[in-house]
Amino acid sequence: LPLTIQGVYINNDLLFPAGTFSVSGFNGPTILDPWESTYITISFNAASSGLELDLSALDQNTVHIVSNSSSESDYVITLAGAAL
């Protein structure tokens, strides 16, 4: 079955932000046949010195890939970055 990626979004840490993550390269629903791939870009923009850690328990600094997957319709990847 084809995989339909319906959305890609990021949650950024709001408690002690040293910067923000952003996503580019996703332009609406994308349909992928088996073995087909696509690319997105995640960028980190530093605002001050510090670390952005993956706080997935709080759903902070995560990218979500929302699809029609029967096993994981909201695939979550934790993000970390360093602002020096």
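The paragraphs below go through a predicted model, from its strands to its core, its surface and some single residues.

The chain has 84 residues, and buried residues make up 25% of them. There are eight strands and zero helices.

Four of the strands form an open sheet, in the order β3-β1-β6-β7, with antiparallel pairing. The edges of this sheet are β3 and β7; each has a single partner strand, so one side of each is left without a neighbour in the sheet. From one strand to the next, the twist averages 30 degrees.

Strand β6 covers residues 62-67 and strand β7 covers residues 74-78; the two run antiparallel and are joined by five bridges. Together they form a hairpin, with six residues between the strands. Val66 stands opposite Asp74 in β7. Further along the pair, His64 has Val76 of β7 as its bridge partner.

The largest nonpolar core has seven residues: Ile5, Val8, Ile10, Phe21, Leu32, Val63 and Leu79. Strand β1, residues 3-11, gives the most to this core, with three residues. Strand β1 also belongs to the open sheet, where the order places β1 between β3 and β6.

Which residues form a nonpolar patch on the surface? The patch consists of Val23, Ile40 and Ile42, and their accessible area together is about 170 Å². Ile40 is located in the loop between β3 (30-32) and β4 (41-46).

Is Trp35 buried or exposed? Its relative accessibility is 90%, so Trp35 counts as exposed, the limit being over 50%. The backbone of Trp35 has a positive phi of about 75 degrees, although the residue is not a glycine.

Asn61 is in the loop between β5 (50-52) and β6. The relative accessible area of Asn61 is 0%, so this residue is buried, the limit being under 20%. Along the chain, Asn61 and Asn12 are 49 residues apart, while their C-alpha atoms are separated by 4.5 Å.

Ala80 occupies the loop between β7 and β8 (81-83). Ala80 has a relative accessible area of 56% and is therefore exposed, as this value is over 50%. Ala80 is 59 residues from Phe21 in sequence, and the distance in space is 9.1 Å from C-alpha to C-alpha. Phe21 is one of the residues of the largest nonpolar core, whereas Ala80 is exposed.

How values were computed. Residues numbered from 1 in each chain as written. Predicted model: local features only at pLDDT ≥ 70, side-chain atom pairs only at ≥ 80, totals over all residues. Heavy atoms only, no water. Core = buried A, V, L, I, M, F, W, Y, C linked by side-chain atoms within 4.5 Å. Buried < 20%, exposed > 50% of the residue type's maximum accessible area, 1.4 Å probe, protein only. Patch = residues over 30% accessible without salt bridge, like charges linked within 9 Å, V, L, I, M, F, W, Y side chains within 5 Å. Areas by Shrake-Rupley, 256 points an atom, 1.4 Å probe, with all protein chains shown as cover. Salt bridge = Lys/Arg side-chain N within 4 Å of Asp/Glu carboxyl O. Pairing = 2+ DSSP bridges. Axes fitted to C-alpha atoms, helices over the stretch in contact; angles between N-to-C directions.
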